[in-house]
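Dear colleague,

Please read them with the model open beside you.

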Amino acid sequence: MHRRQLLRCLRSGLVLSSTAWAASPLLADDGDDRPVALLLPLTGPRAALGLSMRQAATLAENDGKLIAFDTAGTPQGAAAAAARAVDRDAALILGPLMSADVAPVVGAAGTTPVIAFTNDAAVRSSGAFVFGITAGQVTTAILGYARSRGVRSVAVIGDGSAWADAAAAEADRLQGTLGMEARAITVRADAPLPLAGEAPDAVFVPGGGETALAIARNLKPTGIQLLGTLEMIDHRPDALEALDGAWIASPDPRSFGGFANNFQARHGGRPGAIAALAYDAANIAAKLRAANRLDREGVLGSDGFSAVTGEVRFRTDGSVAREFAILEAAAGGYRKVATSRGA
């Protein structure tokens, strides 16, 4: 086309401006259609949990873009599942569940972001995001609230489990930050009771079950404040009586209850907190897709994502800041008394 013809076309409007061309349907951005991979143990000893998590995830995203891959509950199976996800051009990998499976998945995933469901904070070093509710998160939340209520000394009573040990380590780390004295006491069924020392302002029991209830009953006459995590929540009438007055860090029961009701209506049964993690992760993936930010920068770029396990924000080191409700136990149930942000 020579200059005179070009000018005629411009006058007649046959040549689109750069703005009009950018808006042309031929070049419009249709969004990111790549799938999101959900890596779960759908066979093997943890298959029931994996299936529950898959059901929960499909409540959040069921348009066919969320594809489940079976890890078979082994590191080798998890790596193979991640490789299949990469072959399908997955934009994001949600999972795996077990901490031992995370490094093999990250290795197979390459540059694909991995949001793992484990609560083992140590696997951050693999390059994955640790999306599970960690002992460190709930410890930070409950001790921060206790300090705001005047608690200056706390005894952490654990049973030697990994969860209790991680909570005790976090309590020790927080002493200077909170201006609080924390000492750890490990109680084992096959060992003599350690010396308790001077009575603290509060006793923090990271675990739950009959051990937590026994400690709660023993504390009743002392006036010492009982602190706990979601592991301590028990709705049986005798448990509520024993826990009366305890402060507990947990996902907000109202948000979790709405999810649980939807899950029960669709699938039957009551989901646990781990199933809720799969629902939250799938919801986050759906929001990132809608914003056309289905990548690591999108995961890190948000100020926060609403979630039934507590509003979350991802950090560059692989950790997750999570909001918790602070509950107070009473004979009639659990009452929210505060919110702990960004634990």
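In helix 3, the residues Ser52, Gln55, Ala56, Thr58 and Leu59 meet Phe259, Asn262, Phe263, Arg266 and His267 of helix 10, where contact means heavy atoms within 4.5 Å and helices are DSSP runs (H or I, at least four residues) numbered from the N terminus. The residues of this contact divide into four nonpolar, five polar and one charged, with Asp, Glu, Lys and Arg counted as charged. This is a predicted model, in which local features need pLDDT of at least 70 and side-chain atom pairs count only at pLDDT 80 or more, while totals for chains, interfaces and linings use all residues. Residues are numbered from 1 along each chain as its sequence is written, and side-chain values use heavy atoms, leaving out hydrogens and water.

Helix 3 (residues 47–60) and helix 10 (residues 253–267) pack at an angle of about 105°, with their axes 10 Å apart, and they are therefore roughly perpendicular to each other (65 to 115 degrees). Helix 4 (residues 75–87) and helix 5 (residues 102–109), by contrast, pack at about 25° with axes 8 Å apart, which makes helix 4 roughly parallel to helix 5 (under 35 degrees). The residues of the contact of helix 4 with helix 5 divide into ten nonpolar, no polar and no charged.

Best regards

Notes: Axes fitted to C-alpha atoms, helices over the stretch in contact; angles between N-to-C directions. Helix = DSSP H or I, 4+ residues; strand = E, 2+ residues; numbered from the N terminus. Parallel < 35°, antiparallel > 145°, perpendicular 65-115°, else oblique.
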